[in-house]
Amino acid sequence: MAKKDKKSKETPIKAVEKKSPGDQEQIRREFVGLSKIDKAAIVMMLLGETYASGVIQLLEPKDITTLGKAMLNVQQSSEAILHLVSVSYTHLTLPTTPYV
């Protein structure tokens, strides 16, 4: 039986926290440098093909082209960046009033 890689259980945010302050700053700069379209492209990639195709069907051809180019540009983003984008997206979609 093959050994399980302990690192695979590490969450991206914990991986960022373990990095040196210089590495954390680099990740922060990379995240801040992402455009809204880059972040949308990352969200689409995180959604997966099935769900993303449903969203793409709602877009204009010009927007599909723009999003497709952005997806090519961000496809090599680190796990830390993917995590930060997903957290920021989740934060935007949370209800502002608690459920009772």
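Good morning. The model is a predicted one, in which local features need pLDDT of at least 70, side-chain atom pairs count only at pLDDT 80 or more, and totals for chains, interfaces and linings use all residues. Residues are numbered from 1 along each chain as its sequence is written, and side-chain values use heavy atoms, with hydrogens and water left out.

I begin with the overall fold. The protein has six helices and zero strands, where helices (H or I, at least four residues) and strands (E, at least two) are DSSP runs numbered from the N terminus. Of its 100 residues, 17% are buried; buried means under 20% relative accessible area, exposed over 50%, and partly exposed in between, with a 1.4 Å probe and protein chains only. Among contacts (heavy atoms within 4.5 Å) with a separation of 6 or more, 73% join residues 24 or more positions apart.

I turn now to the core. A nonpolar core is a set of buried Ala, Val, Leu, Ile, Met, Phe, Trp, Tyr and Cys residues joined through side-chain atoms within 4.5 Å. The largest one holds 14 residues, of which Phe31, Leu34, Ala41, Ile42, Val74, Ile81 and Val85 touch the most other members. Two or more residues come from each of helix H2 (21-32), helix H3 (36-47), helix H5 (61-74) and helix H6 (79-93), and H3 gives the most, with four. Beyond its neighbours within four places in sequence, Ile42 is in contact with Leu34, Val74, Ser77, Ile81, Leu82 and Val85. Over the face of Phe31 lies Lys39, at 4.5 Å from the ring centre; the rule asks for NZ of Lys or CZ of Arg within 6 Å of the ring centre and within 35 degrees of the ring normal.

Finally, the two serines. Ser77 sits in the loop between H5 and H6 and counts as buried because its relative accessible area is 16%. A polar atom of its side chain lies 2.7 Å from the backbone oxygen of Val74. Leaving aside neighbours within four places in sequence, Ser77 is in contact with Ile42 and Leu82. Ser53, by contrast, belongs to helix H4 (residues 49-56) and is partly exposed, because its relative accessibility is 33%. The backbone oxygen of Thr50 lies 2.8 Å from a polar atom of the Ser53 side chain. Thank you.

Methods. Polar contact = N/O pair within 3.5 Å; in protein donor to acceptor, adjacent residues only side chain to side chain.
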